[in-house]
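Hi,

Here is the structure I promised to pass on. My notes follow below it.

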Amino acid sequence: MKSVRSIKNEWVTLTDLFPGTGRTHQLRRHMAESGHPVIGDKLYSNAGDLFRGKGLFLAAVELSFTHPVTGIAVNIKIDEPDKFRTFMEREERRWQRLFI
């Protein structure tokens, strides 16, 4: 988990979610109900949490399952989208320019 200061949102945090089952919609709803909506979520976040043209900041970066035919454990992993890193760096720079 990584957090940076943000002018618009106070804090922006990159976090990992590990659902046993479920869909994107459920992750978005649970995060919003806990007071930590996914950035870019037009349905479950406040208007101030949206960033024009940036899309939903939610991505599956790892998937594990047992292959239905071979029974072999499969684990697929990718890097997080570049937009996550660049967004957090930009938010932190903006906050530092204003407050440091």
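Leu-27 sits in helix α1 (helices are DSSP runs of H or I of at least four residues, strands are E runs of at least two, both numbered from the N terminus). A quick word on the source: this is a predicted model, where local features need pLDDT of at least 70 and side-chain atom pairs count only at pLDDT 80 or more, while totals for chains, interfaces and linings use all residues. Numbering runs from 1 along each chain as its sequence is written, and side-chain values use heavy atoms, with hydrogens and water left out.

Back to Leu-27: its relative accessible area is 23%, so it counts as partly exposed (buried is under 20%, exposed over 50%, partly exposed in between; 1.4 Å probe, protein chains only). Leaving aside residues up to four places away in sequence, Leu-27 touches Leu-17 and Pro-19 (heavy atoms within 4.5 Å). Its C-alpha lies 9.5 Å from that of Pro-37, 10 residues along the chain.

Ile-7, Leu-98, Phe-99 and Ile-100 make a nonpolar one, with about 450 Å² of accessible area together. Patch members have over 30% relative accessible area and no salt bridge, with nonpolar side chains (Val, Leu, Ile, Met, Phe, Trp, Tyr) joined within 5 Å and like charges within 9 Å. A salt bridge means a Lys or Arg side-chain nitrogen within 4 Å of an Asp or Glu carboxyl oxygen. Ile-7 belongs to the loop between β1 (2-6) and β2 and is partly exposed at 35%.

The other patch is negative: Asp-16, Glu-62, Asp-79, Glu-80 and Asp-82. Asp-16, in the loop between β2 (10-14) and α1 (24-33), is exposed at 55% relative accessible area.

Cheers

Note on methods. Accessible areas come from the Shrake-Rupley method with a 1.4 Å probe; for residues, only the protein chains shown count as cover. Lys and Arg count as positive and Asp and Glu as negative; His and the chain ends are not counted. The place of a charge is taken as NZ of Lys, CZ of Arg, CG of Asp or CD of Glu.
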